[in-house]
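Subject: Structure for you to look at

Hello,

Here is the structure I said I would pass on. Please open it first, then read the notes below with it on the screen.

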Amino acid sequence: MSKIQHKILELRKELNEHNYNYYVLDNATISDYEFDIKLKELQELESQHPEFFDANSPTQRVGGEVVKSFETMPHDYRMYSLDNSYSKEDLLDWETRIKKLIDGNIQYVCELKYDGASISLTYEMGMLVRALTRGDGFQGDNVTTNIRTIKSIPLQLKGDFPEKFDIRGEIVLPFEGFNKMNEERIEIGEEPYRNPRNTASGSLKLQDSAEVAKRPLECLLYNLTGANLGVQSQFESLEKARQWGFKVPGAAKLAKSMEEVFEYINYWNVHRHDLPYETDGVVIKVNNLQQQEELGYTAKSPRWAIAYKFKSEQVSTKLNSISYQVGRTGAITPVANLEPVELAGTIVKRASLHNADQIEKLDIRVGDEVYVEKGGEIIPKILGVDLSKRPLNSQPTVYITHCPECFTELVRQEGEAQHYCPNYNGCKPQIIGRIQHFISRKAMDIEGLGGETVALLVNEGLITNYSDLYDLTKAQVIPLERMADKSADNLILGIEESKKIPFERVLFALGIRYVGETVAKKLAKHYKSIEAIANASEDELVNVDEIGVKIAQSVKAFFSSEENQFIINRLKDFGLQLEISAEQLIGQTDLLKGKSIVVSGVFESLSRDELKKLIEDNGGKVSSSISSKTDFIVAGDNMGPSKKKKAEDLNISIINEYNFLQKIKKI
Ligand SMILES: NC(=O)c1ccc[n+]([C@@H]2O[C@H](COP(=O)([O-])OP(=O)(O)OC[C@H]3O[C@@H](n4cnc5c(N)ncnc54)[C@H](O)[C@@H]3O)[C@@H](O)[C@H]2O)c1
Ligand SMILES: [Zn+2]
């Protein structure tokens, strides 16, 4: 085999692997930029050596795959990828190429390139009938049930829509929602998600659409496909789509020349940082659909469009040291301490290294020159090492074996990426973190007490766990730094007031791993008292709606600790709410116990939320999609025809709101 052929095969193999990591596992191991450079290298080699052509090369195919867990369905119209460019010269070359192929004046539409997961929605008679992922471009995964939960996707269109068409767009997760999801994950001791794109793409592949519904996903549309659409240009089709009820960002602009295209690029290269979601470039499209048709497609992309990718802001700097942080749950996070460097307008000194595997995979060593990138993440990340600059005496990083705070030997459970310090009761950052969580706003919300004071109280030896807060006296806290007579009074009063906080929030405040706000609510509602939860077996816990094995085990472990039992008894003695109050119990029955109920349509006497609350108060479960497990459907006006058909097919009874109110004895 020739050297060239060998290189080509190597690159194909490597790129296929990256495609798999990126599209199927949602876990890329190299940056997009590096990926694109390699793809370009392969493209060039292949064009110089057409004798090695292969229709299966990553240069010839759309990178995605279909996933086995969903029904695979063909696209009526193929979904293509886009050619990428990183420079204005590339764009000028593109213009020269297309001008050779078509006559006449060309106008361009500039759009933002949203970074998420592509989706194709099919509408018939104005109703959403199907949503497919891009897959390999010819066929995709049927993720309609998940897609239906996204609020910005209209289920029913308005205006003068064509009878049948496909509309393509990108499912994105705006930063705000992404950060909120991560705060919640960190709060319950889970590793945060890496970036919005992966999380958006991963969300579509979830098996439980109720889980998808909780994620603040959005769908931004950019392309109409079908026959007899009644539009002449791309720009017009965007406007039409907007009128029919789709979310089409207003940033799209018509450009009469490449000059204007460059202006658009320059503008958004700066202003994209103000957008609520991630963008990775600009897409330039020939506006006239007739001209688009003349230009046609290559094996993988339309000739009439090209993406200009913003170079994600990257710098290289020296890794001075690695330190290890201990979180509230004992999770260890390695942090890179960098030689300060400017990146995307801020000075970067630290970057997350995630976990031991990440350090090993990238072979990151102290003293290395490393590449740092600021993407959608809150903290910058390290992309790789400049090996050419590695010092001769460099040593591989040896991950710590003991807690940097309390010197206890670390553990790492099978299947977990993170190491943990198991010294639950004796490791200071864990103790402080747990009490800080206890007093936080969504938990006990103790006014007059902040995180720093908690650290002081622990360091001064005044408290060792959250139950000790209720023993504190004014005389004890007054000598603390920055404490005055008034603030000491407020602190003691705030602690006293927190005794009124309802049970579900106390349960959340305890800081049981994996028990976030929602799970705490579920458990509180189901068991009604802390004793009942503590006495429940793992099997019983798992039987509670939405409580999985991981949560059940964690709850069991928490309550079997003698120390925790002692603390909870103290909380009880101090008068905290450890059971659901009589007030909350009013209106709660078991009339719908074990029933899975779907709510559909618009109601006369109740809002959907009121209806859902009534179902839950009476022991039922609200489910977002109809399946063989559905017991009945409460339907109002405008129940979707596909839902109706599904219910009939599965022989599930449909009742109206009055029958429902009768069922729960309200009328
Ligand atoms: N890091 C890795 O390991 C790795 C692996 C594979 C792919 N990738 C990255 O993914 C890219 C290839 O992915 P791709 O094939 O999905 O192409 P792409 O993401 O570069 O471009 C095509 C996609 O852009 C999206 N898009 C967003 N806004 C659009 C708009 N306004 N108009 C039209 N399309 C719009 C569409 O979903 C379309 O499918 C590579 O360039 C690389 O950067 C990275
Ligand atoms: Zn420790």
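**Helix 3 and helix 9**

The axes of helix 3 (residues 88–101) and helix 9 (residues 258–271) come within 11 Å of each other, crossing at roughly 150°. The crossing is right-handed. On the helix 3 side, the contact is made by Lys88, Leu91, Leu92, Trp94 and Glu95. Helix 9 contributes Met258, Val261, Phe262, Ile265 and Asn266. Sorted by class, the residues of this contact are seven nonpolar, one polar and two charged.

Please keep in mind that this is a predicted model. The mean pLDDT of the protein is 91, and 99% of its residues reach 70 or more. The scores for the model are ipTM 0.94 and pTM 0.70.

**Helix 1 and helix 2**

Helix 1 makes the contact with residues including Ile8, Leu11, Leu15 and Tyr22, and helix 2 with residues including Phe35, Leu39, Leu42 and Leu45. The contact has eight nonpolar, two polar and seven charged residues. Among the residues in it are Lys7, Arg12 and Glu14 of helix 1, and Asp32, Lys38 and Glu41 of helix 2.

**Residues 587–667**

UniProt, in an unreviewed entry, lists residues 587–667 as "domain: BRCT". The end C-alpha atoms of this span lie 14 Å apart, and the span is 32% helix and 19% strand.

In which order do the four strands of the open sheet lie? The order is 18-17-19-20, with parallel pairing. Strand 18 (621–623) and strand 20 (653–655) are the edge strands, each pairing on one side only. From one strand to the next, the twist averages 35°.

Strand 17 (residues 596–600) runs parallel to strand 18 and is joined to it by three bridges. Ser596 stands opposite Lys621 in strand 18.

Two helices lie across strands of this sheet. Helix 23 (residues 608–617) lies across strand 17, strand 18 and strand 19 (632–635), and runs at about 170° to strand 17. Helix 24 (residues 641–649) lies across strand 17, strand 19 and strand 20, running at about 150° to strand 17.

Regards

Methods
Residues are numbered from 1 along each chain as its sequence is written. Chains are lettered from A and ligands numbered from 1 in the order in which they are written. This is a predicted model: local features need pLDDT of at least 70, side-chain atom pairs count only at pLDDT 80 or more; totals for chains, interfaces and linings use all residues. Side-chain values use heavy atoms; hydrogens and water are left out. Axes are lines fitted to C-alpha atoms, for helices over the stretch in contact, and angles run from 0 to 180 degrees between N-to-C directions. A crossing is left-handed if the near helix is turned anticlockwise from the far one by less than a right angle, and right-handed if clockwise. Contact means heavy atoms within 4.5 Å. Ala, Val, Leu, Ile, Met, Phe, Trp, Tyr, Cys and Pro count as nonpolar, Asp, Glu, Lys and Arg as charged, and the others, Gly among them, as polar. UniProt positions are given in the numbering used here, feature names are shortened, and annotations may be inferred rather than shown by experiment. Two strands pair if DSSP finds at least two bridges between them. pLDDT is the predictor's confidence in each residue, from 0 to 100.
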